[in-house]
Amino acid sequence: VNQDVFFTAHPSDDVRIVAVLDGHGKSFGKTAAEAAAEAIRAYLCAHCEMLMANPTEALKWAFQEAHNAVRTSMLSCDETLRDVGDFLLQFVDDDSAWDAADGGTTA
């Protein structure tokens, strides 16, 4: 199943943004890629001047926004997920145990 998401944006005459996000995880890969893409697009378009002046810093903050958006999106999709700080846990009925939720993306 293709879980990739892409976007293009042209927030100013001097800036064009092209991104491909590769979703990972059977349960939440597409959700993660979509949430991350929207967060990155929104952040970079809103901070276009920062992107031109300091691309490393702009991308760092955009990826932090994406991380937060993925976490929020996954939690809203599945009420069985539990936020335990650095990662999300999901109860696995087959094993009667908790396991790390599978979902993420690379940009």
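The model is a predicted one, in which local features need pLDDT of at least 70 and side-chain atom pairs count only at pLDDT 80 or more, whereas totals for chains, interfaces and linings use all residues. Residues are numbered from 1 along each chain as its sequence is written, and side-chain values use heavy atoms, with hydrogens and water left out.

Thr 31 is placed in helix α1, which comprises residues 29–46; helices (H or I, at least four residues) and strands (E, at least two) are DSSP runs numbered from the N terminus. When neighbours within four places in sequence are set aside, Thr 31 is in contact with Ser 73, Met 74 and Cys 77, contact being defined by heavy atoms within 4.5 Å.

The secondary structure of the protein amounts to three helices and six strands, arranged along the sequence in the pattern β-β-α-α-α-β-β-β-β. The C-alpha trace spans about 55 × 30 × 20 Å along its principal axes, and 35% of the 107 residues count as buried. Of the contacts between residues at least 6 apart in sequence, 48% join residues at least 24 apart. The accessible surface of the protein comes to about 6,800 Å², and 51% of this belongs to carbon and sulfur atoms; such areas come from the Shrake-Rupley method with a 1.4 Å probe, and for residues only the protein chains shown count as cover.

Strands β1 and β2 form a hairpin with two residues between them. The pairing of β1 with β2 (residues 15–24) is antiparallel and rests on seven bridges, where two strands pair if DSSP finds at least two bridges between them. Within this pairing, Asp 4 stands opposite Asp 22 in β2. Ala 9 also belongs to β1 (residues 4–12), and its relative accessibility of 13% means that Ala 9 counts as buried. Apart from neighbours within four places in sequence, Ala 9 is in contact with Val 15, Arg 16, Ile 17, Arg 41 and Cys 45. The C-alpha atoms of Ala 9 and Ala 42, which are 33 residues apart along the chain, are separated by 9.5 Å.

An open sheet of three strands has the order β3-β4-β5 with antiparallel pairing. Strands β3 (81–83) and β5 (97–100) stand at the edges with a single partner strand each, so that one side of each is left without a neighbour in the sheet. From one strand to the next, the twist averages 35°. Three bridges join β3 to the antiparallel strand β4 (residues 88–92), and Arg 82 stands opposite Leu 89 in β4. Helix α3 (residues 55–77) packs on this sheet, touching β3 and β4, and its direction makes about 140° with that of β3; axes are lines fitted to C-alpha atoms, for helices over the stretch in contact, and angles run from 0 to 180 degrees between N-to-C directions.

The structure holds one aromatic pair. The ring centres of Phe 91 and Trp 98 are 5.4 Å apart and the planes lie at 70°, so the pair is edge-to-face; rings of Phe, Tyr and Trp (its six-membered ring) pair if their centres lie within 6.5 Å, with planes under 30 degrees apart counted as stacked, over 60 as edge-to-face and the rest as tilted. Phe 91 is partly exposed at a relative accessible area of 35%, and Trp 98 counts as partly exposed at 45% relative accessibility.

Terms used:
Buried < 20%, exposed > 50% of the residue type's maximum accessible area, 1.4 Å probe, protein only.
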